[in-house]
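Subject: Handover of a structure

Dear colleague,

Please find the structure below, together with its sequence. I would ask you to keep it open while you read the notes that follow.

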Amino acid sequence: KLIPPQETFVVFPEGIMFNYLLRRNNPSAYLELTPQILETYNEDKIITAFSKNPPDYIVLAERDNTEHGYRYFGRDYGLKLFSWLKANYTAIDLSGNIPLCGRGFGIIIAKHNK
């Protein structure tokens, strides 16, 4: 309800299934932003790509990435990308707990500061 049908979103650090189930576009080439993806594609290049074509919204979802060698996006890896998100998006909704803190289910929806 918060994201109009014509608007785009990306789920951080991963959650392309949300896009599929909601039939909404992910305008980026990145289906997930796990530690390996940030290392493989270079975090600075990913930030440049998002800067050139920013999604209308980002969804920040609780996800422990320990199996990838780091626990939380924005705290243990992806610090530059997380800083870019904080500078360019404003939270408009929180469901559950604040994500990426290990407190259980939580999702933040944030809108691009156009």
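Apart from it lies another core, of 8 residues, which includes Tyr57, Val59, Ile107 and Ile109. A nonpolar core is a set of buried Ala, Val, Leu, Ile, Met, Phe, Trp, Tyr and Cys residues joined through side-chain atoms within 4.5 Å. Buried means under 20% relative accessible area, exposed means over 50%, and partly exposed is in between (1.4 Å probe, protein chains only).

The largest nonpolar core has 22 residues, and those with the most contacts inside it are Phe12, Leu33, Ile46, Phe50, Leu60, Phe73 and Leu81. At least two residues of this core come from each of strand S1 (9-12), helix H2 (35-41), helix H3 (43-52), strand S2 (57-61), helix H4 (79-88) and strand S4 (106-112). H4 gives the most to this core, with 4 residues.

**Origin of the values**

This is a predicted model, in which local features need pLDDT of at least 70 and side-chain atom pairs count only at pLDDT 80 or more, while totals for chains, interfaces and linings use all residues. Residues are numbered from 1 along each chain as its sequence is written, and side-chain values use heavy atoms, with hydrogens and water left out.

**The chain as a whole**

The protein chain has 4 helices and 4 strands. These are DSSP runs numbered from the N terminus: helices are H or I with at least four residues, and strands are E with at least two. Read from the N terminus on, the elements follow the order β-α-α-α-β-α-β-β.

For 114 residues, a compact globule would have a radius of gyration near 13 Å, and the value for the protein chain, 13 Å, agrees with this. That radius is taken over C-alpha atoms, and the globule rule is 2.2 Å times the number of residues to the power 0.38. Along the principal axes, the C-alpha atoms fill a box of roughly 35 × 30 × 25 Å.

Of the 114 residues, 43% count as buried. Among contacts with a separation of 6 or more, 58% are between residues 24 or more positions apart. The protein chain exposes about 6,600 Å², of which carbon and sulfur atoms supply 54%; accessible areas come from the Shrake-Rupley method with a 1.4 Å probe, and for residues only the protein chains shown count as cover.

There are 13 positive and 12 negative side chains, and the centres of the two sets lie 6 Å apart. Lys and Arg count as positive and Asp and Glu as negative, whereas His and the chain ends are not counted. The place of a charge is taken as NZ of Lys, CZ of Arg, CG of Asp or CD of Glu.

**The segment before S1**

Both Leu2 and Thr8 are found in the segment before S1. Thr8 counts as buried because its relative accessibility is 14%. Leaving aside neighbours within four places in sequence, Thr8 is in contact with Asn25, Pro27, Pro55, Asp56 and Tyr57.

Leu2 is partly exposed, with a relative accessible area of 39%. Beyond residues up to four places away in sequence, Leu2 touches Tyr57, Ile92, Asp93 and Ile109. Leu2 and Phe82 are 80 residues apart in sequence and 22 Å apart in space, C-alpha to C-alpha.

**Loops and backbone details**

A cis peptide bond, with omega of about 0°, joins Phe12 and Pro13. Pro13 lies in the loop between S1 and helix H1 (16-22).

Arg23, in the loop between H1 and H2, has a positive phi near 55° and is not a glycine. Its relative accessible area is 60%, so Arg23 is exposed. Asn42, in the loop between H2 and H3, is also not a glycine and has a positive phi of about 75°. At 34% relative accessibility, Asn42 counts as partly exposed.

Cys101 is placed in the loop between strand S3 (89-96) and S4. With 32% relative accessibility, Cys101 counts as partly exposed. Cys101 and Tyr77 are 24 residues apart in sequence and 14 Å apart in space, C-alpha to C-alpha.

Yours sincerely

Terms used: Contact = heavy atoms within 4.5 Å.
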